[in-house]
Amino acid sequence: MLISGRGSNLQALIDAIVDGRLAASIVVVISNRDDAGGLERARAAGIETLVLSHRAFASRDDYDHALATELQARDVGLVCLAGFMRLVGAQLIDAFPNRILNIHPSLLPAFPGLDAQRQAVEHGVKVSGVTVHLVTAELDGGPIVIQRAVRVMPDDTAASLAARILEEEHRAYPEAVQIVLNGGWRLEGRRFVVAKSPTSASA
Ligand code: GRF
C-alpha cells in the first residue's frame, strides 16, 4: 500500500482482513512522508513499513521506478493507493498494469484532484460519494470498480461531508479490493465488467 497521511483507509483494509471480510495480506506499507500516521497503524499490525521520500529522487520517473522496484521485490500482486499524495507515472503504472487501485472521495468523473469534498459543497451537488478505480496515467480517471453515493446535506461543510464520505470509503475499499483480487473481471473500453458467476446466470 502507498500512503502519505493518517491511513484510515489502510486501517479499514487491515480490519477487514482481521475480520475475514477480505482475503488478502498487506505485504508492505510505503509512505513518501516519514510523519504519516498510517505508518504507526501498519507497525501496530505487524506490517513492514518503508519511507521513500520523493525529495530524495531527481525526477518523478526515478521515484516511481524506485517504488516499482520495492514493490516487485516483495512480489506484490496489487498496489493500493490510499491518500497517497503523489501523481503516479508510467514507471509505476507500466510495472503494475491494471493492478493499481486508488480511492477518491467523490463520484468521479466529478471533482477529481485535491479537495474533492470542498469542490462538491461549493458546486452545490446534492449527492457525492466515493469511487474506487484502477489507476491510469489520467489523474483520477481510470476504470471504476465501485462507487457509493453519499447525500450532501444543506448545512454540510467540506469537513462534515468528508467525515460521512470517509465512513463509506472504509466500507467500499475492502469490497473493491476483494472484487479485483477475485478476478473474473475484464475491461471493455474504460468499463470495469465483472463476469456473472454461473450460479447467478439465469437458466
Ligand atoms: C481519503 O479521503 C481518500 O479518499 C483520499 O485521501 C484520503 C485519505 O485518508 N484519496 P486516509 O489517509 O486513508 O485516512
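Is Arg 43 buried, exposed or partly exposed? At 43% relative accessibility, Arg 43 counts as partly exposed, where buried means under 20% relative accessible area, exposed means over 50%, and partly exposed lies in between (1.4 Å probe, protein chains only). The model is predicted: local features need pLDDT of at least 70, side-chain atom pairs count only at pLDDT 80 or more, and totals for chains, interfaces and linings use all residues. Residues are numbered from 1 along each chain as its sequence is written, and side-chain values use heavy atoms, with hydrogens and water left out.

**Salt bridges**

- Ten salt bridges are found in a search of the whole structure; the criterion is a side-chain nitrogen of Lys or Arg within 4 Å of a carboxyl oxygen of Asp or Glu.
- One of them joins the side chains of Glu 40 and Arg 43, at 3.3 Å from N to O.
- Both Glu 40 and Arg 43 belong to helix H2 (residues 37–44), where they are three residues apart, about one turn of the helix. Helices (H or I, at least four residues) and strands (E, at least two) are DSSP runs, numbered from the N terminus.
- An α-helix has 3.6 residues a turn, so residues three or four places apart point the same way.
- Glu 40 is partly exposed, at 47% relative accessibility.
- Asp 156 pairs with Arg 164 in a salt bridge whose closest N and O atoms are 2.8 Å apart. Asp 156 is buried, with a relative accessible area of 10%, whereas Arg 164 is partly exposed at 26%.
- A network of salt bridges links Glu 48, Glu 70 and Arg 74.

**Glu 168 and its surroundings**

- Glu 168 is found in helix H6 and is buried, with a relative accessible area of 16%.
- A salt bridge connects Glu 168 to Arg 171, with the closest N and O atoms 3.0 Å apart.
- About one helical turn separates Arg 171 from Glu 168, because the two are three residues apart in helix H6.
- Arg 171 is partly exposed, its relative accessible area being 44%.
- Not counting residues up to four places away in sequence, Glu 168 touches Val 130, Arg 148 and Val 150, contact meaning heavy atoms within 4.5 Å.

**Helix H5**

- Ala 116, Gln 117 and Ala 120 are buried in helix H5 (residues 116–123).
- These residues lie on the same side of H5, because they cover an arc of only 100° around the axis; the arc is that of the directions from the helix axis to the C-beta atoms.
- The cover over the buried residues of H5 includes strand E5 (100–104), strand E6 (127–134) and helix H6 (158–182).
- Gly 124 follows H5 and has a positive phi, near 85°.

**Ligand site**

- Around the ligand are Arg 6, Gly 7, Ser 8, Asn 9, Gly 83, Ile 103, His 104, Pro 105 and Glu 169, a residue being near a molecule if one of its heavy atoms lies within 4 Å of it.
- A polar side-chain atom of Arg 6 is 2.5 Å from an oxygen atom of the ligand.
- For Ser 8, a polar side-chain atom lies 2.5 Å from an oxygen atom of the ligand.
- Ile 103 places a backbone N or O atom 3.0 Å from a nitrogen atom of the ligand.
- The ligand taken alone exposes 370 Å², of which the protein buries 87%; accessible areas come from the Shrake-Rupley method with a 1.4 Å probe, and for residues only the protein chains shown count as cover.

Note on methods: Polar contact = N/O pair within 3.5 Å; in protein donor to acceptor, adjacent residues only side chain to side chain.
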